[in-house]
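Q: Please take a close look at one part of this model for me. I would like to know how the two chains meet, and what lies around that meeting place.

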Amino acid sequence: MNSERKLSLILLEEYEKVNFYSFQFEDEAHTEFEKFLMAFNESHAKDIGTIMYRLERITEDGVFPRHFRYAGKHKDRTAELPSHFETANLRIYCICISPKILILGNGGLKTTRTYNEDNYLNNCVETLKKIDFELKTKEKAHRIHFTGKNITGELSLSIIYDGK
Amino acid sequence: MKRNSIMEESRKLITPEIKQSVDFSIDIANRIFDILEMKGMKQKDLARLLGKSEAEISKWLKGTHNFNIDTILKIQTKLDEEIIQVVSKAKKEIGVINWTKRDLIVLPKEEGYTINSKTVEGAA
C-alpha cells in the first residue's frame with residue numbers, strides 16, 4: 001500500500017572537495033547508508049571495503065561520472081557503486097548532485113541481471129529517483145540550495161513510498 | 001571535518017589488495033578520458049572509430065559496460081595510444097620511460113626491478 005514517508009537529508013562526512021550526505025526516514029534511527037553498512041559489514045567485507053575505498057577516491061577526485069555506473073536515465077542523477085570495473089555483487093545506490101555533493105542511499109546484493117528485476121533493489125533506486133525529483137522541485141522553488149559542498153534550506157521532504 | 005563512526009568502522013575493511021584493484025581501475029578509466037581529451041576527440045569520434053553507436057560508447061564511458069582486455073585493446077588500437085603497458089619478464093632493466101602523468105605501467109611483482117627515482121620525479 002502506498003504511503004507518504006517523511007525523511008531528512010543528513011550530512012555524513014565532510015572532506016576538502018566533497019561532502020557525503022544520506023537520508024533518514026523520520027521513524028528510523030539511522031540513515032539509509034548507515035543501515036546498508038551495518039547490514040553487510042560482516043557478511044560482505046570485501047565488497048564493503050571496495051565501496052569504501054571508491055568513496056575515498058571520490059573525495060580526492062570529485063563526484064564525477066567515471067566513478068559510477070548510472071542506474072536508469074542519466075538525467076535522474078541516480079547511480080550505483082562500485083563502478084563497472086570492480087567485480088562485486090553488492091551495490092549501493094546514490095544521487096550525484098554535483099561534483100562536490102553525493103547523497104548515499106541504500107542497496108543490496110544484486111542477484112538478477114538488472115536491478116529492475118529485483119523488488120528490493122528497484123525500490124532503492126526508485127526511492128532515490130523520487131528524492132531527486134523532490135530536490136529538483138525544491139531547488140527550482142528556491143527552497144533548497146546546493147552551494148559548493150553544502151545543501152542548505154529545507155532538508156526535510158516527503159515522498160510517496162510504496163513500502164515493498 | 002565531520003566523520004561518521006559507522007563509515008569509519010567500515011573503512012577498516014579496506015585492504016591493500018582492494019586499494020590496488022580500485023586504483024588500477026580508476027587509472028584505466030582516467031587514461032581513456034585523458035587520451036580522448038588530448039586528441040580533442042569526443043565520444044562520437046571514438047564510436048565512429050570502433051564502428052559502434054554513440055549510445056554504446058556513452059555507456060562504456062559512463063560506466064555501464066564491463067570492460068575486458070579485448071575491449072581495452074580495441075580502444076588502444078583505434079586511439080593509437082597505449083592504455084596499459086605491460087613490462088615483459090624478459091626485460092630486467094628498464095631504461096628511461098617517457099610517461100605522462102597518467103600512463104599506466106604494470107610491473108611484475110618479482111624482485112629485481114628498479115625505477116630511477118629522478119626519472120619518475122622529473123616525468124610526473
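A: Start with one charged residue. The model is a predicted one, and in it Asp61(A) is partly exposed, with a relative accessible area of 28%. Its partner is Arg57(A): the two form a salt bridge, with the closest N and O atoms 3.8 Å apart. Both residues sit in helix H2 of chain A. They are four residues apart, about one turn of the helix. Arg57(A) has 11% relative accessibility, so Arg57(A) counts as buried; the cut-off for buried is under 20%.

Now follow Arg57(A) across to the other chain. Arg57(A) also forms a salt bridge with Asp23(B), and here the closest N and O atoms are 2.6 Å apart. Between chain B and chain A the count is two salt bridges. Why can such pairs form? Side chains of opposite charge can pair when their charged atoms come close.

Next, take in the whole interface. Chain A puts 36 residues into the contact, and chain B puts in 30 residues. The buried area between the chains is about 3,000 Å². Carbon and sulfur atoms give 62% of that area. Polar contacts cross the interface too: 10 residue pairs are found, both partners at pLDDT 80 or more. On the side of chain B that touches chain A, the elements giving two or more residues are H1, H2 and helix H4 (54–62) of chain B. H2(B) gives the most to this side, with 11 residues. By type, the residues on this side of chain B divide into 13 nonpolar, nine polar and eight charged.

Chain B itself has six helices and two strands. From the N terminus on, the order is α-α-α-α-α-β-β-α. Chain B has 124 residues, and 32% of them count as buried.

Stay in helix H1 of chain B for a moment. Glu8(B) and Arg11(B) meet there in a salt bridge, 2.8 Å from N to O. The two are three residues apart in this helix, so about one helical turn separates them. Glu8(B) is partly exposed because its relative accessibility is 35%. Arg11(B) is buried, at a relative accessible area of 16%.

Chain A has a salt-bridge network of its own. Shared partners join Arg5(A), Asp27(A), Glu28(A), Glu32(A) and Lys35(A) into one network. One link in chain A is the salt bridge of Glu32(A) with Lys35(A), where the closest N and O atoms are 2.7 Å apart. Both residues lie in helix H1 of chain A, three residues apart, about one turn of the helix. Glu32(A) counts as buried, at 7% relative accessibility. Lys35(A) counts as partly exposed, at 26%. Over all chains, the salt bridges come to 18.

Now turn to the nonpolar side of the story. In soluble globular proteins, nonpolar side chains tend to be buried together. The largest nonpolar core here has 31 residues. The members that touch the most others are Phe20(A), Phe33(A), Phe36(A), Leu55(A), Phe68(A) and Leu102(A). Both chains contribute to this core: among the elements that each supply at least two residues are helix H2 (45–61) of chain A and helix H2 (16–38) of chain B. H2(A) gives the most, with six residues. That is the helix that also holds Arg57(A) and Asp61(A).

Look at one core member up close. Leaving out residues up to four places away in sequence, Phe36(A) touches Ile48(A), Ile51(A), Leu90(A), Arg91(A), Ile92(A), Asn106(A), Gly107(A) and Gly108(A). Apart from this core lies another, of 23 residues, including Leu9(A), Phe25(A), Ile95(A) and Leu135(A).

Polar residues can be buried here as well. Asn19(A) lies in strand S2 of chain A. Asn19(A) counts as buried because its relative accessible area is 0%. A polar contact of 3.1 Å joins its side chain to that of Asn150(A).

To sum up, go back to where you began.

How values were computed
Residues are numbered from 1 along each chain as its sequence is written. Chains are lettered from A and ligands numbered from 1 in the order in which they are written. This is a predicted model: local features need pLDDT of at least 70, side-chain atom pairs count only at pLDDT 80 or more; totals for chains, interfaces and linings use all residues. Side-chain values use heavy atoms; hydrogens and water are left out. A nonpolar core is a set of buried Ala, Val, Leu, Ile, Met, Phe, Trp, Tyr and Cys residues joined through side-chain atoms within 4.5 Å. Buried means under 20% relative accessible area, exposed over 50%, partly exposed in between (1.4 Å probe, protein chains only). Contact means heavy atoms within 4.5 Å. Buried area is the accessible area (1.4 Å probe) that two parts lose on being put together, summed over both. A salt bridge is a side-chain nitrogen of Lys or Arg within 4 Å of a carboxyl oxygen of Asp or Glu. A polar contact is a pair of N or O atoms within 3.5 Å; within protein, one must be able to donate a hydrogen and the other to accept it, and residues adjacent in sequence count only if both atoms are side-chain atoms. Ala, Val, Leu, Ile, Met, Phe, Trp, Tyr, Cys and Pro count as nonpolar, Asp, Glu, Lys and Arg as charged, and the others, Gly among them, as polar.
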